[in-house]
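Thank you all for making the time this morning. I would like to walk you through one structure, looking at charged side chains and then at the ligand, so please keep the display in view while I talk.

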Amino acid sequence: MSDAKKLFEEMIIFSGNANPELAAKIAKEMKIPLGRCQVGRFPDGEIKVKIEQNVRGRDVFVVQSTCPPVNENLMELLVIIDALNRASAGRITVVIPYYGYARQDRKDQPRVPITAKLVADMLTVAGADRMLTMDLHSGQVQGFFNVPVDHLTAAPIFLDYFREKKMEGVVVVSPDVGGVKRARNFAQEMGANVAVVAKRRLDDDSTEVDDVIGEIKTKNVIIIDDQISGGGTVVRAARALKEIDKKIKVYAVATHAVFAGQAIERLSEAPIEEVIITDTIPTPRADELDKLTILSVAGELADAIGRIHNNQSVATLFRGALF
Ligand code: R5P
């Protein structure tokens, strides 16, 4: 056995407080216990971490989505990485199923930050050796990291779900122009047509209408997005589609259920049959939305972690469905 192999012989998965349920599911899938660590607070709110087992030379994975409370979860992750680094972990992979701060990924107006890059720098400065993530807001964010990034997608999980439903005459819709590629790839895998809802400005008073580009002669529409935050985007798209034909059944799919502000109320009232999300983030107030289906990404992440540990390709996990 080579030295490098010996170095990473034992793999340990740690979790912060962002999504311990998902971390536990991943560990269960891999049939290993979660690593022992305490992630708490000093009385003044500072983050206090204690790794409670030897990690020297080990291949360590830290599961922590940077979901709300975003700054708390991000800082926890940085402090955990620092503790692992100082405890001589052999390699530290951050598993960030939902990468927050990703929307600010370019200067689209003067004097604004690029937080997606800032956070990438913070993670690597803290000591992250690689990152595993899922459905980034934009794929280019991978390039903000100077360490290897494995970028998974929940698309295969959604595809399996819809294939089981055996729906006929499906059209896959992107709720905005930015998500067309995602929708097109999903439609291709479903053997469906694709359409897009595009905002059009009517006048200088910023009155906007939603144009549906593409043919919607169908009964079933799947709107697909990377995330639902306040719910505005997906609800507007659903309404625009219903205006075409009231009989259309609208399914809303998103990997990350941020569900900020009035999202639950908006989705409840929207003409949407079912909202299908994953557990990359613990869904706030999930029990208040009857039409919610939560699919788990634990199996896919566990598979990827195992492959990274064993230096195997993760490409097979995409099953053709690259976003
Ligand atoms: C935007 O580019 C994203 O892909 C999502 O469409 C957006 O973040 C959803 O936000 P909200 O639910 O607040 O409309």
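Predicted model: local features only at pLDDT ≥ 70, side-chain atom pairs only at ≥ 80, totals over all residues.

Glu189 has a relative accessibility of 29% and so counts as partly exposed, where partly exposed is the range between buried, under 20% relative accessible area, and exposed, over 50%, using a 1.4 Å probe and protein chains only. Residues are numbered from 1 along each chain as its sequence is written, and side-chain values use heavy atoms, with hydrogens and water left out.

The side chain of Glu189 meets that of Arg163 in a salt bridge at 3.8 Å, N to O, a salt bridge being a side-chain nitrogen of Lys or Arg within 4 Å of a carboxyl oxygen of Asp or Glu. This pair links distant parts of the chain, since Arg163 lies in helix α5 (residues 155–165) and Glu189 in helix α6 (residues 180–190), 26 residues apart; helices (H or I, at least four residues) and strands (E, at least two) are DSSP runs, numbered from the N terminus. Arg163 is itself partly exposed, with a relative accessible area of 43%.

Glu274 lies in strand β13 (residues 274–278) and Lys165 in helix α5, so the two tie together parts that are 109 residues apart in sequence. Which of these partners is buried? Glu274 is, at 10% relative accessibility, whereas Lys165 is partly exposed at 32%.

Across the whole structure, a search finds 17 salt bridges, and Arg41, Glu72 and Glu76 are linked in a network of them.

Let me turn to the ligand. Its surroundings include Arg103, His137 and Asp176, each with a heavy atom within 4 Å of the ligand. A polar side-chain atom of Thr233 lies 2.4 Å from an oxygen atom of the ligand, and a backbone N or O atom of Gly231 lies 2.7 Å from a ligand oxygen.

Methods:
Polar contact = N/O pair within 3.5 Å; in protein donor to acceptor, adjacent residues only side chain to side chain.
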